[in-house]
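Hello,

Here is the structure I promised to pass on. Please open it first, then read my notes below.

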Amino acid sequence: MDVPRAPLRSTAPVVGPPLGTNGTALSIRRAVKTYGPVLAVSDASLDVPVGQVVGLLGPNGAGKSTLMKIVLGIVRANSGTVHVLGREMSPEAIDVKAEIGYVPEAPLLYEFLTGAEYLDFVADMYGMDPRARRERIGQYLTALELAGHENSMISGYSQGMKQKVALISALVHRPRLLVLDEPLNGLDPRSARIVKDLLRSLARQEGVGVLFSTHVLEIAQAICDELVILHHGQVLATGSVADLRGRAGLPGSGLEEVFLSLTGTGDLGEIVQALAR
Ligand code: ATP
């Protein structure tokens, strides 16, 4: 039986005004999310300007993944609003979703497909024409040094190779907003460097807004225009590394000291000493 396909991009109903770029790719206002008694996100607001890379930092359980899932509509917030490219997100806003590329913390791929088949499937979903998709997928396979492996089954890929496929699948349709949950997970230093450079150039040259979470502070320091520090679901501080240093009263310090100071986990040395006893 022929099942008609409904590409996300070309036939998506438009349910609001045209997507603009009023300077902001993503705007979250006063988001709240509880899981039963757990307050995962508490009155959190942040902006990702067009053409900028914003790093979301926070200790384990701070609410980073939950906040990202709220943006995608995977998790429904108790309250608050999300605007993408000037349009409010809603379950019906398919054309807005088509402008987002998302890599979850633990991407799930169809492992019984080859890398090429999987990426083709994703491009198909976005209604990309065959020539554009071949070109773009080929460019990314080469850039991420996966060329030559694309016809092998994903089940045989290493963790880093799977992560690269997940990244390409988030980029293939030229999204204007990227939401990346620990995108450098499992990548070796060389591949991580390639992805960092890629994210910077997508922001600078194509005006893509990038929100990404990481636990690796040097990465955040290296590529982010702005950092948002989340703790117990609340935004503790927002700004450039220099702003945050000033806020923490630690001018000249590294981001690690600033982060530990702002999140009140600066007593780690004592914990490590206690564990060593
Ligand atoms: P990490 O850095 O460890 O990945 P995170 O900052 O991404 O953490 P979240 O995964 O958003 O944090 O979790 C925030 C809080 O919400 C935690 O207390 C977590 O246990 C809780 N939580 C997350 N998802 C669920 C869920 N599906 N059901 C119940 N509680 C959840």
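Which residues of helix α3 (residues 115–125) are buried? They are G115, Y118, L119, V122 and A123. Buried means under 20% relative accessible area, with a 1.4 Å probe and protein chains only. These residues cover an arc of only 135° around the axis, so they sit on the same side of α3. The arc is taken from the directions from the helix axis to the C-beta atoms. They pack against α4 (130–143) and α5 (159–171). Contact here means heavy atoms within 4.5 Å. Helices (H or I, at least four residues) and strands (E, at least two) are DSSP runs, numbered from the N terminus.

A word on the source. This is a predicted model: local features need pLDDT of at least 70, side-chain atom pairs count only at pLDDT 80 or more, and totals for chains, interfaces and linings use all residues. Residues are numbered from 1 along each chain as its sequence is written, and side-chain values use heavy atoms, without hydrogens and water.

Now the core. The largest nonpolar core has 55 residues. Such a core is a set of buried Ala, Val, Leu, Ile, Met, Phe, Trp, Tyr and Cys residues joined through side-chain atoms within 4.5 Å. Y118, V165, L178 and F212 have the most contacts inside it. A second, separate core has 30 residues, including A44, M68, L72 and L230.

Back to L178. Leaving out residues up to four places away in sequence, L178 touches G101, A170, L171, L199, L202, V208, G209, V210 and L211.

Best wishes

Notes. Buried means under 20% relative accessible area, exposed over 50%, partly exposed in between (1.4 Å probe, protein chains only).
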